[in-house]
Amino acid sequence: MAFVQFSQVSLAFGDRDILKNVTINLQTGSKVALTGANGAGKSTLIKVLAGLVPPDSGSRAVQKGSRIAYLPQSGLTHHGCTLREEADKAFEFGYEMQNQIDQIGEQLAAGQGNTDALVERQSELIQALEDSGWHRREAMAESVLLGLGFSCADFERNTEEFSGGWQMRIALAKALMQGPDILLLDEPTNYLDIEARSWLEQFLQNFKGGFLLVSHDRYFLDVTINEVYELFNGDLKRYPGNFTHYEKVREVELKTLIAAYEQQQEEINKLEDFIRRFGYKATKAAQAQEYQKKLEKMERIEIPESLKKIHFSFPPAPHSGRLVMRLHGITKSYDGGAHKVLDNLELTLENGERLVVAGRNGAGKSTLLRIIAGQDSAFSGEIVPGAGVQIGYFSQDNAETIRGKETILDYLEARSPLELIPKLRDMLGAFLFRGDDVYKSLDVLSGGEKSRIALLQLLLSPVNLLVLDEPTNHLDIHSKDVLLQALIGFGGTVIFVSHDRGFIEQLATRVLELKPGHFKNYPGNYEFYMEQVAKQEVLQNGDSETCEVLQGKTSGAGRENSGAVTEASTCAAQLSYAEQKALEAARRKAEKEVARLEAKITELEEKKTALENKMADPAVYSNGEKAKAVQREIEALAAEIDAATAAWEEAAEKLG
């Protein structure tokens, strides 16, 4: 079994301990998430695991022959060949093994060396090469590249033609295609749209090796991993279960610590307030100095950022009418009309709606949002805004307008309503600007930091229609939660694009699906939309049996139908993502039915036993009428138990 493990590993940068006596074991079958606050050292830990950064002390062991693939957060570029040729570089290990096999063959032909040892080694290499899938590398490369969003036409394009985000998709594809024993993925979902994320979820669920990943997408983590390691103040602790389970366990575990933290924060605020108000008054100076010493000596309690309860609300949304906006016949083309993205699109937005725009890359999602926000006027059709509508628009391009020598805090204070100024520090903390970060000059900020500032600036504005293009980019899980709660409580209307499945599911109340030149409205939440898409895909594929499962038609109509879920599950690897999700929903429904019937059977049997005991009572069995009445009840319960048991068997058979 392949593995990579740490034992008592420590690493420090200057006077800061990044890792303190950390122990971790990754092996075949491991499905691990690594979590911790920004700056906790997650990326460093992954680099140590990958063997790229040596620890200060402790040991790192790797099973002989184990292959490890590592994907960093960013910074990888490719050039000098086509996408197909670059993908083939992922299989270099196979070419090396084939060379060894050929060399051993030459030695055997020449009668050199120990024949038995050479034959045994050659057999091992041949088997390892076959197990790696190297002989099927072309099909594997196409499958992975298409799954991550590349088109067949992209295969012959030069890699330097792809943008930064697509460069990282190439790097991710190569890591997956290597068929490693251990995968180390640092933020693999950063540059993926929701379709590519869904494909990656399926890949990792079926991956035979072990993997450790960092991600800020809670839904992605929940469906891919089964254990969590938290890095906090240099210590690493393991929590079995998915990410949601980890959060629940961790919150209970830290309840006492959180209470102590909040009490200490209250005391710190009081001391700092006193020092600020009276530090320069002669009558209070001595006391202020004592308080300052107390602050300096205080051992600060630290808790993970994800457990700090930070909430904020938007400024009250200005009043608008029930009809917020109507779009009629919106058409948008590129390349002189050759490429039509939007074609006669119709849309009516009503007050209070939270509409998500869904669709693959290139379907026109960002284009539509720019048109609605008034940023793009090169279209045909009509936009009719409702009375009193005030629009706030966010996209990644907003970051380009943020520049200057002002500090972050000064910049936002100058643009914030007075009532929100006291809350700015907490809000900045929620958007990953903590401590002295708020005093950074705008000119030194990265693109991601500027995007977060642009988003926060928008949220401080009194508007009643928010148009948000990928607002969760560059945010961690905690920051997304803060933003999500604020948007749920927002008194206006929201139209947004996001690639974060969990964020969409909790926020959206309606879905507008875009395909090049087509659109379709789905009233209801995102889960309903996915169910409808699944049904449509199954109908298009002509799989009537699976369709019956999706539409809830499989019942007691016959034994041949009762195994539909099981039979469909056996070919799950060949189904689309939407079909698999629908089958999972059908299975969950069957599981609930089994549990319900089991509870019902138990209840009926308890009642029957009680009546049978009653028959032993002389007052009953000596009275003919009473005895007959009780016996009739017993027989009725027995019939109910038989019917419930038959239903249970049928439901259980669907589960396989």
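**Sheets, helices and burial**

Tutor: Three strands, in the order E2-E1-E4, form an open sheet with antiparallel pairing. Bear in mind that this is a predicted model.

Student: What makes E2 and E4 the edge strands?

Tutor: Strand E2 (16-27) and strand E4 (57-62) each pair on one side only. The twist from one strand to the next averages 15°.

Student: How do you know that E1 and E2 pair?

Tutor: Pairing takes at least two bridges between two strands. Strand E1 (residues 3-13) and E2 have 8 bridges, in the antiparallel sense. So they pass the cut-off of at least two bridges and count as paired.

Student: Which helix lies across E1, E2 and E4?

Tutor: Helix H1 (residues 42-49) does, and it runs at about 130° to E1.

Student: What is the strand order in the open sheet of 6 strands?

Tutor: The order is E14-E15-E16-E12-E17-E18, and the pairing is mixed.

Student: Why is one side of E14 and of E18 left without a neighbour in that sheet?

Tutor: Strand E14 (391-394) and strand E18 (518-523) stand at the edges, and each has a single partner strand, so one side of each lacks a neighbour in the sheet. Neighbouring strands here are turned by 15° against each other on average, direction ignored.

Student: Which helix packs on this sheet, touching E14?

Tutor: Helix H15 (residues 447-459) does. H15 also touches strand E15 (465-469), and its direction makes about 170° with that of E14.

Student: How do you know that E12 pairs with E16?

Tutor: Count the bridges. Strand E12 (residues 354-358) and strand E16 (residues 493-497) share 3, in the parallel sense. The requirement is at least two, so E12 and E16 are paired. Arg-354 has Val-494 of E16 as its bridge partner.

Student: And what joins E12 to E17?

Tutor: 4 bridges join E12 to strand E17 (residues 510-515), and the two run parallel. Ala-358 has Glu-513 of E17 as its bridge partner.

Student: Why is E12 called mostly covered?

Tutor: Buried means under 20% relative accessible area. In E12, 5 of its 5 residues are buried. Arg-354, Val-356 and Ala-358 point one way, Leu-355 and Val-357 the other way, and all are buried.

Student: What makes H12 mostly covered?

Tutor: In helix H12 (residues 365-372), 6 of its 8 residues are buried. These are Lys-365, Thr-367, Leu-368, Leu-369, Ile-371 and Ile-372. Gly-374 follows H12, with a positive phi near 80°.

Student: Why is Gln-122 called buried?

Tutor: Its relative accessible area is 17%. The cut-off is under 20%, so Gln-122 counts as buried. Gln-122 lies in helix H4 (residues 115-131).

Student: What is Gln-122 in contact with, leaving aside its neighbours within four places in sequence?

Tutor: Gln-122 is in contact with Ile-101, Ile-104, Gly-105 and Leu-108. Ile-101 is 21 residues from Gln-122 in sequence, and their C-alpha atoms are 5.6 Å apart.

Student: At what angle do H10 and H11 pack?

Tutor: Helix H10 (residues 255-278) and helix H11 (residues 285-297) pack at about 145°, with axes 9 Å apart. Their crossing is left-handed.

Student: Which residues make the contact between H10 and H11?

Tutor: From H10 come Glu-267, Ile-268, Leu-271, Glu-272, Phe-274, Ile-275 and Phe-278. From H11 come Ala-285, Gln-287, Ala-288, Tyr-291, Gln-292, Lys-294 and Leu-295. By class, the contact has 9 nonpolar, 2 polar and 3 charged residues.

Student: Why would residues three or four places apart in a helix point the same way?

Tutor: An α-helix has 3.6 residues a turn, so such residues point the same way.

Student: And the whole chain: how many helices and strands are there?

Tutor: There are 24 helices and 18 strands. Of the 656 residues, 45% count as buried. The chain exposes about 32300 Å², and carbon and sulfur atoms supply 49% of that area. Among contacts with a separation of 6 or more, 68% come from residues 24 or more positions apart.

Methods:
Residues are numbered from 1 along each chain as its sequence is written. This is a predicted model: local features need pLDDT of at least 70, side-chain atom pairs count only at pLDDT 80 or more; totals for chains, interfaces and linings use all residues. Side-chain values use heavy atoms; hydrogens and water are left out. Axes are lines fitted to C-alpha atoms, for helices over the stretch in contact, and angles run from 0 to 180 degrees between N-to-C directions. A crossing is left-handed if the near helix is turned anticlockwise from the far one by less than a right angle, and right-handed if clockwise. Contact means heavy atoms within 4.5 Å. Ala, Val, Leu, Ile, Met, Phe, Trp, Tyr, Cys and Pro count as nonpolar, Asp, Glu, Lys and Arg as charged, and the others, Gly among them, as polar. Buried means under 20% relative accessible area, exposed over 50%, partly exposed in between (1.4 Å probe, protein chains only). Accessible areas come from the Shrake-Rupley method with a 1.4 Å probe; for residues, only the protein chains shown count as cover.
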